[in-house]
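Keep the structure open as you read.

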Amino acid sequence: MHEGSFFAQVNMMFDRAAVYTQHSPGLLSQIKNCNCVYHVSFPLVRDNGEIEVISAYRAEHSHHMQPTKGGIRYAPTVTADEVMALAALMTYKCAIVDVPFGGAKGGITIDRRKYSERELERVTRRFTFELAKKNFIGPGVDVPAPDYGTSAKEMTWILDTYTTITADPLDALACVTGKPVGQGGVRGRVEATGQGTFYGIREACAIVEDMQALGLDEGVEGKRVIVQGLGNVGYHAALYLEEAGALLVGMAEYEGGIYNPDGLRLQDVMEHRCETGSILNFPGATNIEDSAYTLELECDILLPAALEGQIRIDNVHRIQAKIIAEAANGPVTASADQILNEKGILVIPDMYLNAGGVTVSYFEWLRNLSHVRHGRMSRRFEAHNAQRILQVVQNLLEGQQGTPEQRMIKPDLEFGASEADLVQSGLEDTMVSAYHEIHKTARFHATDLRTGAFVSAIDKIAQGYERLGIFP
Ligand code: NAD
């Protein structure tokens with residue numbers, strides 16, 4: 001059964017939430033529609049001399065805030081519809097976590113495993129050039145970042161190409177985020193989406209009544225997790241969950257899945273995959289030849305972190321998880337989402353849960369525009385302040401014969417916050433506050449978290465249009 005295109009599904013979910021708002025149909029339509037999509041084709045001369053035509057896209061969904069912001073994906077699935085859907089999710093995501101960008105997304109329709117590094121570099125540089133020609137990239141215009149199939153390396157090529165052609169090199173560093181730290185990137189960006197995903201799951205699991213309704217105990221510790229996709233987002237989310245005491249019982253990659261109800265150690269599985277080229281045949285685990293079937297196995301938390309459309313009308317009835325943590329964008333179709341809600345399964349929606357990436361990208365963009373590392377001017381000052389406080393405490397302790405443990409507080413406190421500390425604390429604060437905001441909205445309307453997240457996003461975007469004075 002065809003459930004409608006990805007963008008149509010995002011819009012169905014939007015419509016479900018829009019009835020809870022007070023905005024006019026015209027304004028809702030403006031918020032929902034995609035402002036512009038650029039489709040470009042260009043030739044790639046492959047290493048063997050053959051010519052191949054490459055298709056690439058950039059969608060800017062909403063200009064109610066500028067610049068627009070969103071990743072660039074390399075995948076065979078990339079179409080105009082896919083980037084429009086992903087750009088729309090970016091608009092709502094930025095609104096939910098109060099990051100002042102409109103939503104955008106780009107993609108190149110290629111399976112990166114079939115191209116050499118030099119070919120990927122040529123494709124990336126050419127795409128950047130095409131974007132610049134049409135004013136679809138720039139620090140105040142549209143700022144890409146990594147997504148599925150791309151990483152800091154591609155961001156470096158984008159930066160280098162843009163810097164070469166721009167007439168305004170002063171702020172050029174801010175034309176793209178997710179760069180390596182040595183090239184204007186910010187510490188913590190690589191793991192940010194997975195880490196933010198963990199914070200979101202942790203907040204959800206901390207609400208006792210919600211866990212009781214699912215028949216689960218409070219907290220992440222001991223929760224059985226299945227993760228689909230061990231790339232940037234899936235790997236880091238799984239890592240933080242494991243550190244917090246969750247049990248990783250299942251993992252799925254494109255080559256198949258593995259399951260062990262007693263738990264799988266993430267690092268061991270990654271090493272096994274490095275050595276053998278596959279997660280299959282991991283000692284002690286059962287192989288699941290059809291990777292998609294892994295999603296249907298028993299667990300408390302299912303973490304889809306690969307691509308969209310993984311839980312659909314045809315497999316939703318077989319899902320056994322009590323919580324679905326949408327680390328990927330659009331892993332649950334609109335029809336499947338309704339069924340999950342009816343079954344009382346808690347779905348933590350993508351546009352909130354994977355917002356850690358854009359949150360830290362925002363910190364990187366600010367750092368690039370301010371031309372100073374976060375904490376550079378305050379770190380020593382904080383350290384001196386802490387030393388002064390410690391001196392007072394020390395004097396008191398000496399006077400009162402404090403215990404050795406009390407005297408041990410000094411080494412922990414006498415350093416100011418580093419950039420990594422500031423980024424992590426900004427990310428945690430953002431994810432925690434946003435969770436409680438969407439949870440409160442959902443409760444107020446007696447609805448699910450996704451609808452709560454949409455309502456919150458729609459209201460903020462409407463305010464953005466009001467500020468622009470476009471609508472009365
Ligand atoms: P990635 O390319 O680093 O990793 C994706 C992983 O999924 C790969 O290991 C791939 O082999 C695996 N995979 C692909 N198809 C699969 C399948 N059918 N079954 C199991 N595994 C499969 O990509 P990523 O950056 O981790 O992105 C994953 C998802 O998270 C995407 O939906 C992306 O849009 C979303 N996201 C990413 C970021 C980010 O900062 N990278 C931010 C927000 C959202």
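D314 is partly exposed in this predicted model, with a relative accessible area of 46%. Its side chain meets that of R312 in a salt bridge, 2.9 Å from N to O. R312 counts as partly exposed too, at 27% relative accessibility.

How many salt bridges does a search of the whole structure find? The search finds 37. Here are some of them:

| Salt bridge | N to O distance |
|---|---|
| R312 and D314 | 2.9 Å |
| D300 and R224 | 3.0 Å |
| R16 and D337 | 3.5 Å |

Look at the pair R16 and D337. R16 lies in helix α1 (residues 6–18) and D337 in helix α10 (residues 334–342), so the pair ties together parts that are 321 residues apart in sequence. D337 is buried, at 1% relative accessibility, whereas R16 is partly exposed at 23%. Salt bridges with shared partners join R16 and D337 with E326, D350 and R450 into one network.

The side chains of D300 and R224 also meet in a salt bridge. This pair links distant parts of the chain, 76 residues apart: D300 sits in the loop between β9 (286–288) and β10, and R224 in strand β6 (residues 224–228). Is D300 buried or exposed? D300 counts as buried, because its relative accessibility of 6% is under 20%. R224, at 22%, counts as partly exposed.

Now for a polar contact: the side chains of Q310 and Q228 are paired at 2.9 Å. Q310 belongs to the loop between β10 (301–304) and β11 (323–325), and is buried at 18% relative accessibility.

Finally, visit the surface. R373, R376, R379 and R380 form a positive patch there. R380, found in helix α13 (residues 379–399), is exposed, with a relative accessible area of 57%.

Note on methods. Residues numbered from 1 in each chain as written. Predicted model: local features only at pLDDT ≥ 70, side-chain atom pairs only at ≥ 80, totals over all residues. Heavy atoms only, no water. Patch = residues over 30% accessible without salt bridge, like charges linked within 9 Å, V, L, I, M, F, W, Y side chains within 5 Å. Areas by Shrake-Rupley, 256 points an atom, 1.4 Å probe, with all protein chains shown as cover. Salt bridge = Lys/Arg side-chain N within 4 Å of Asp/Glu carboxyl O. Lys, Arg positive; Asp, Glu negative; His and termini not counted. Charge placed at Lys NZ, Arg CZ, Asp CG, Glu CD. Helix = DSSP H or I, 4+ residues; strand = E, 2+ residues; numbered from the N terminus. Buried < 20%, exposed > 50% of the residue type's maximum accessible area, 1.4 Å probe, protein only. Polar contact = N/O pair within 3.5 Å; in protein donor to acceptor, adjacent residues only side chain to side chain.
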